[in-house]
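These are my notebook entries on one structure, taken down in the order in which I looked things up.

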Amino acid sequence: MTDRLHTDTLIIGAGSAGCVIANRLSANPQHQVTLVEAGGKDNWHWIHIPVGYLYTMGNPKTDWCYSTTPQKGLNGRCLAYPRGRVLGGCSSINGMIYMRGQKDDYASWGEGWSWDDVLPYYKKSENYHRGADDFHSDQGEMLVQEQRLKWDILETFKKVCEESGFTDRPDFNRGNNSGIGYFEVTQKKGVRWSSARAFLHPVMHRSNLKVMTKTLTERLVFEGDRCVGMEGTRHGKPLSIRAERVVLAAGAIGSPSLLERSGIGSESVLKPLGIPIRNRLEGVGKNLQDHLQVRLQYHLERGETLNQQANSWLGRIKMGLQYVYNRSGPLSMAPSQLGAFFKSSDEVDRADLEFHIQPMSADKLGIDLHRFPGMTASVCHLRPESRGTTHISGTNASDVPIIDPNYLSQAYDRDVVCKAIEKTRDLMDHPLLSEFSPSEHKPGRIQKTDHDLVKAAGDVATTIFHPVGTAKMGSDTDGETVVSKKLGVHGLRDLYIADASVVPTITSGNTHAPVVMIAERLAEWLD
Ligand SMILES: Cc1cc2nc3c(=O)[nH]c(=O)nc-3n(C[C@H](O)[C@H](O)[C@H](O)COP(=O)(O)OP(=O)(O)OC[C@H]3O[C@@H](n4cnc5c(N)ncnc54)[C@H](O)[C@@H]3O)c2cc1C
């Protein structure tokens, strides 16, 4: 028998965005809000201990465990494509970096979405460790704090960048992030501060908010052009929820999948699967943009890195004690501590490359760190031209989506990747680093020509987990937009999307903060 519920606002997906909307709308007692999440509660300790991302990624308890199609630009490799499946969504498994992107990124988002338009909403959710000023607030729920440990190798790399002309940038979030500095993170004193921790847990007691975990939405339900709810399962049992309006916040893969299962999308995808078309929107699942990180790994002759600590019993005991007593040390560590934004060439108007510098190295992202002292200089192109797709492979939520980011498919992106590797190598050759004697472990220095470098990038590059754009926002005269500037789905009523999928052009930086900002805006419009 199907359980039937009724609500005013139904939010699908309790990730970075969904938790914010649930908080804001339920603050008004006139709204009855139901938030449904396919994953479980966020009560596993590795979600909260920052280094736990090593255990939550690739784990079906917290991750949808997707992978990409074979990527031609990556020499035919398929990549693991983690997406959070738990309260907090990706913000419960992510790298915790707080980054808004650059002022000029928003120029391409269209009317009403300029930097000046969005800045107040960044401030609204933020609680900044240095206090309030024109760019920051100390009144929001999302804590943005400094990291709690330093490494000599990172300090030296920072000096190298400064000597090479990079501006010292202690705050990347004032519209211009060009320069070098330590990333600020969404943590509370060394503990992860996910969207669920910041926005959901403090308001779970509200009588007008119902949060349902292990609740999988199969499809949306319509009456004419009105969205009136969902059908799915809770703990495997059939469930339907009727609602006055529905907000999709299932993320850059989840939201387009749900639209397609509900008959909203392109005929070329839906017809072969036998799904009747409710609303033809060609853009659903297209325009997938992501940041591809090229991970240059270095073997150091000397110097202390996480590799040695993680690979020795004594080191692990020390790390455990540091965390238990001070909430500091490597267990409090975001994977990337030091960051830099810089230009690939003088032809670009602003920084288009981002470094994530890590005091550790591993062949694959994960817990198997090299046994030798190592560091990783990961560099990613922030404004790629390559565009990919994500589409459903079947009519049920259990049918895994076909995710094709189409990395390095554009000549421009291949050109930038070569420059990125060359610039990283130039910096690593700086005499200041000679005290550590770094040598390039991977991809290895043998590659010299552009052709070699593209091949090398294809061998070592991987996602930095920022898929966006698969239900892009814009006016309905553009044949590929899915939602309006106010985030309503074109051609339908009472259906909205607020998550990474609506981002029309990817920001020059990490994507959690922009998603929270988008959620703040929709919540205000729906209140
Ligand atoms: C490993 C990793 C590291 C990252 N590091 C950083 C970083 O350091 N800094 C940064 O800014 N960004 C980072 N990101 C990216 C950032 O976290 C995401 O862009 C952001 O969290 C996306 O938010 P969202 O609300 O769009 O989707 P999500 O947070 O993914 O939320 C979607 C939610 O919807 C649920 N859902 C999906 N389908 C259904 C369904 N059918 N029924 C019910 N529920 C459903 C999901 O389970 C999930 O909880 C990282 C991401 C990952 C995965």
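I count two residues as in contact if their C-beta atoms, placed from the backbone, lie within 7 Å. The model I am working from is a predicted one.

**Entry 1, the domains.** I began with the domain assignment, which gives domain 1 as 1-147 + 186-287 + 389-405 + 467-527 and domain 2 as 149-182 + 292-301 + 335-381 + 412-466. By the contact criterion above, 28 residues of domain 1 are in contact with 25 residues of domain 2. I then sorted the side of domain 1 that touches domain 2 by residue class, and found 14 nonpolar, 10 polar and four charged residues. Between the C-alpha centres of domain 1 and domain 2 I noted a separation of 30 Å.

Which residues are closest to the ligand? I listed 43 residues around the ligand, the closest being Gly13, Gly15, Gly89, Gly95 and Gly254. The elements that contribute two or more residues to this shell are helix H1 (16-26), strand S11 (215-223), helix H7 (251-261) and helix H13 (512-526), and H7 gives the most, with four residues. By class, the shell around the ligand holds 22 nonpolar, 17 polar and four charged residues.

I looked up Tyr98 and found its place in the loop between strand S4 (80-81) and helix H4 (115-125). Is Tyr98 buried or exposed? Tyr98 is buried, because 25 other C-beta atoms lie within 10 Å, and the cut-off for burial is 20 or more. Setting aside neighbours within four places in sequence, I recorded contacts of Tyr98 with Val144, Asn173, Glu184, Val185, Thr186 and Ala513. The C-alpha atoms of Tyr98 and Asn287, 189 residues apart along the chain, are separated by 24 Å.

For helix H11 (residues 411-428), which has 18 residues, I noted a reach of 26 Å from the first C-alpha to the last, close to the 26 Å expected at 1.5 Å a residue. Its buried residues are Asp413, Arg414, Val416, Val417, Cys418, Ala420, Ile421, Thr424 and Leu427. What covers these residues includes helix H5 (152-163), strand S16 (292-300), strand S18 (353-358), strand S19 (374-381) and helix H12 (450-460).

From the cover of H11 I moved to S18, where Ile357 has its place. Ile357 is buried, because 25 other C-beta atoms lie within 10 Å. Not counting residues up to four places away in sequence, Ile357 touches Leu154, Phe157, Ser336, Gln337, Leu338 and Ala377. I also recorded that the C-alpha atoms of Ile357 and Arg295, 62 residues apart along the chain, are separated by 9.5 Å.

Terms used. Residues are numbered from 1 along each chain as its sequence is written. This is a predicted model: local features need pLDDT of at least 70, side-chain atom pairs count only at pLDDT 80 or more; totals for chains, interfaces and linings use all residues. A residue is near a molecule or strand if its C-beta atom, placed from the backbone, lies within 6 Å of it. Ala, Val, Leu, Ile, Met, Phe, Trp, Tyr, Cys and Pro count as nonpolar, Asp, Glu, Lys and Arg as charged, and the others, Gly among them, as polar. The expected span of a helix is 1.5 Å times one less than its number of residues. A residue is buried if 20 or more other C-beta atoms lie within 10 Å of its own, exposed if 12 or fewer, and partly exposed in between; C-beta atoms are placed from the backbone. Domain bounds come from an automatic or database domain assignment.
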